[in-house]
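Let's take a walk together through one part of this protein. Have the sequence and the 3D view at hand, and we will go from a sheet to a helix beside it.

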Amino acid sequence: MARDPRYDILFEPVKIGPVTARNRFYQVPHCTGLGWLRPRMAAALRGMKAEGGWGVVCTEFCSIHPASDDLPHPYASLWDQGDIRAHSIMTEQVHEHGSLAGAELWFGGSRTTNLFSNEVAMDVANLPNAIGIPYQARAMDKSDIRELRRWHRNAALRARDAGFDIVYVYATHGYLLSHFLSSKTNTRSDEYGGSLENRVRLVRELIEETKDAVGDRCAVAVRFSADEGGDDDGDPVIGEHRDMIEMLAELPDLWDININDYSREMGVSRFIKEGSLEAYMSYVKSITSKPVVTVGRFTSPDTMVSQVKRGIVDFIGAARPSIADPFLPKKIEEGRIDEIRECIGCNICYTGDGTSTPIRCTQNPTISEEWRRGWHPEKIAPKGSDSNVLVIGGGPAGLEATRALGHRGYHVMLAEAQHTLGGRVSQESELPGLGEWARVRNYRVHEIQNMHNVDVYFDNLMDAEHVLAVEANHIVIATGASWLANGRGSYNQTPLDELGPAEQVFTPDDIMAGRLPEGPTLIYDDDHYYMGNVIAELLRSRGIPVTLVTPEVMVSNWGDYTGEQGRIQRRMMELEVDIITSHALTAFNGNAAEIECAYTGNRSNIEVDSVVTVTIRSPNDTLFHELQQGLEAGTGYKPDSLTRIGDCLTPTIIAGAVFSGHRYARELDTEVDPDNRMKYDRVFFEDE
Ligand code: ADP
Ligand code: SF4
């Protein structure tokens, strides 16, 4: 299909200093959980973005010297010859598709502890470690500043030698340079402290020195915050930042603008919607003639065009939309907009940074798997046989298996008990703030609808007899999981002896099915993610008094990894939910709940009419076991395989279910070594 001319503007080349981007799609630097630890996986991931049409593809934060070491958060590095070789794998793959490669040079300051390199952290002043580790950063003296400038210059030269086209000066996100800029952290009395001019001095020097070192061949970009932050309600507090940008306006070749509050800049869709940075940064283009890029979880090409036409940005910056769909630009270019796999704003991709593991994505199960499993987000091997496949259950696992098998050309029969597809995603997207999660279903349903080799059977609650009667070659059980109603979970390892009466005890499944409690309600959250607090929000919207009890030290402990914990806790407080942390539910008799302190074991009672238990889920695997037993007993018909996937295999997050379905589809009729299912990115580069 041809591109809609409305979107032509997105495909105009844009000059950035000495280089030119082939279009306006710009993958800004974003972490991947790969860094220098897994360079071939990182290179293939970035190369895929270029293949998908991103005109600029950047690295993640790239340390200029071992004195800036962020482990356990994986980062890239430009320390030596080995790093040059590692990065050149990436730049070659990016260049192969005509795109530009950018390197984000980084020095962490008091945000880094240097636990790996054992170097002493340095910052503008003596500062506490910014992430609560009992190490401090020492104040840099003038010779340290000279050293830092030398390190930065040398890293820029190494970036150039590795083939990068854009080199960053990274002056935001609470790292060293933002501390020099800030009047709060910069308490120096020398020429690097005090006046605005002095506080901007180091950033200015680094821009000038980077230009001097590599500016003939590479563009120099500055990543900078448009605001000083401070107002959680979304009213921009620009403060001195406008003056700073004015002072440096024409110095860099490109401005990569973000904002101070990370939980807004890359906020989850429950709290932050598309294009949320505009109010903060729309002034930037009026004070510089240089190209400007920002992010905003843009997935709508109309919004993108509007951003450019209204003079807000020159480039459409993206991290998450490029993770969820590396081929987003290509799909717009080829008039295939309805095939875009839109980011749902869940931030599972961000958890790789905190957990020190390769990035994963709810929408894109192939991310991180490009090199080690050879998976491509848009291509999949044709079917390996003429077998047909019966998939039972149309949740994220069953839908993804069906979609990918359909692409391979298999005849797929998808049986779903309900009148609609989507399983848990359809239910959960009805909960407060989670509407965008329906995109997991919508993308897959749209794809399946256009496949002649896929038949969907709605309102089909399958039992073993029905399944066997189909006589399919392969049977896939994707029947999901159900929340337990007996209190068992991480804290209570056995079911509670006293938990009733049943009509006053609820699970998330009850709530999502519309069975709501009455009267004061205790939500027992031993799941530690979104479900407990989203239900609290729902019940509060119905006027129900809620007490939220969790054995953890804060609400939604795991939500810290997705960067939403702070906003969740605040939302609970604003909704006047009573929060009781470090306690577990031990009993409920219909009038009062008994809770236990996780540290002392002391018990106390709370008078409530209802209890909602949010603990763990049990796989809906009865059908699987019945079939397994039936087949073992021998019935005449024998399928080639019987497999369970997704939450039916083991309950997990939606990303896990999608991955499980995808993997099944990829591996059907292929040879997979059961002991080594993928390649391992163990690289041993020599130092020289
Ligand atoms: P997952 O996350 O693993 O995809 P879900 O719980 O989201 O699991 O989806 C499971 C789907 O399976 C639901 O849509 C449910 O209605 C469907 N289902 C469960 N049991 C059966 C069955 N016996 N026959 C057909 N569909 C079923
Ligand atoms: Fe978007 Fe979620 Fe994928 Fe991240 S994990 S890119 S937020 S869909």
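Two strands count as paired if DSSP finds at least two bridges between them. Helices (H or I, at least four residues) and strands (E, at least two) are DSSP runs, numbered from the N terminus. This is a predicted model, where local features need pLDDT of at least 70, side-chain atom pairs count only at pLDDT 80 or more, and totals for chains, interfaces and linings use all residues. Residues are numbered from 1 along each chain as its sequence is written, chains are lettered from A and ligands numbered from 1 in the order in which they are written, and side-chain values use heavy atoms, leaving out hydrogens and water.

With that in hand, look at I475, which stands opposite L642 in β29. Here β18 and β29 pair in the parallel sense over four bridges. They belong to an open sheet of five strands with parallel pairing, in the order β17-β16-β15-β18-β29. β17 (454–457) and β29 each have a single partner strand, so one side of each is left without a neighbour in the sheet.

Now turn to helix α21, which spans residues 622–633. Its buried residues (under 20% relative accessible area; exposed means over 50%, partly exposed in between, with a 1.4 Å probe and protein chains only) are L623, F624, L627 and L631. They lie on the same side of α21 because they cover an arc of only 100° around the axis, taken from the directions from the helix axis to the C-beta atoms. On the other side, T622, Q629, E632 and A633 are exposed. After α21 comes G634, with a positive phi near 85°.

Definitions and conventions: The expected span of a helix is 1.5 Å times one less than its number of residues.
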